[in-house]
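Colleague: I'm new to this one. Could you put it up and walk me through it?
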Amino acid sequence: MSSITVYIKADRNIEVTKPDVKLGDVLTMECRDPSMIPKLKVIKLFSFHSTDKKNQNRTAFSILRVIELIHEKYPNIDIQNMGEQDFIVTYEAQQTAGGVIHILKAAAVVLISFIGSAFSIMAFNNDVDVTKMFGQIYELITGTKSSGFTILELTYSLGIIIGILTFFNHFGKKRFSVDPTPMEVEMRLYENDLQTTLIENISRKGKEQDVGKRTTSGTHRT
């Protein structure tokens, strides 16, 4: 077989729902010869034989291990990696809860978030004594004593609402702009740090699937 080039790409973190993992489950591929892609996709990468109490297993792979597996069957293929050098594969058995459970979970999250946010705002206002400060400003400007509910309190409350909507960049299903919010940026940074730590920890334990490791099954957990 003449030499052909296959381009492969893997994301940093991949979740699968079947214990037997094939290359097609974790990679996207492109080749000038379309008939080669289906052959590569069915190559077995790994098998998860057992799961922990949460029905989840996870292990890390070096892209060199993927290249090794491909070359074992097709030694004349030239492989170009366009994705990650190391990636995580997580096997998680899907257990879809009923509609009522989803509604209760969503309601609990909304309730906890609302109470937590309200408590934080009230604690801040109490700490800096916003009521007293507004009363002094109102009396200084108008010359009359504040009743506790003036234009200052009203605009301050509206400002908090506008600030929260601007920060989260959402109102219902409507998105105000295409830019990611600070919350989304922090979540992506957290995900990247978490994935890097997982890969390094698995690698240090010697459990990363790398070149030279012929075992295609295991029970690795983190």
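Colleague: Okay, how do β1 and β7 pair?
Modeller: In the parallel sense, over four bridges, with β1 covering residues 5-9. Pairing takes at least two DSSP bridges between two strands, and strands (E, at least two residues) and helices (H or I, at least four) are DSSP runs numbered from the N terminus. Mind that this is a predicted model, where local features need pLDDT of at least 70, side-chain atom pairs count only at pLDDT 80 or more, and totals for chains, interfaces and linings use all residues. Residues are numbered from 1 along each chain as its sequence is written, and side-chain values use heavy atoms, leaving out hydrogens and water.

Colleague: Which residue of β7 is the bridge partner of Ile8?
Modeller: Asn81.

Colleague: And in what order do the strands form the open sheet?
Modeller: β4-β1-β7, three strands with mixed pairing. β4 (28-31) and β7 (78-81) each have a single partner strand, so one side of each has no neighbour in the sheet.

Colleague: Switching topic, how many residues are in the largest nonpolar core?
Modeller: There are 31, and Val26, Leu40 and Phe87 are among those with the most contacts inside it. Such a core is a set of buried Ala, Val, Leu, Ile, Met, Phe, Trp, Tyr and Cys residues joined through side-chain atoms within 4.5 Å; buried is under 20% relative accessible area with a 1.4 Å probe, protein chains only.

Colleague: Which helix gives the largest share of this core?
Modeller: α3, with five residues. β1, β4 and β8 (86-92) are among the elements that each supply at least two.

Note on methods
Buried means under 20% relative accessible area, exposed over 50%, partly exposed in between (1.4 Å probe, protein chains only).
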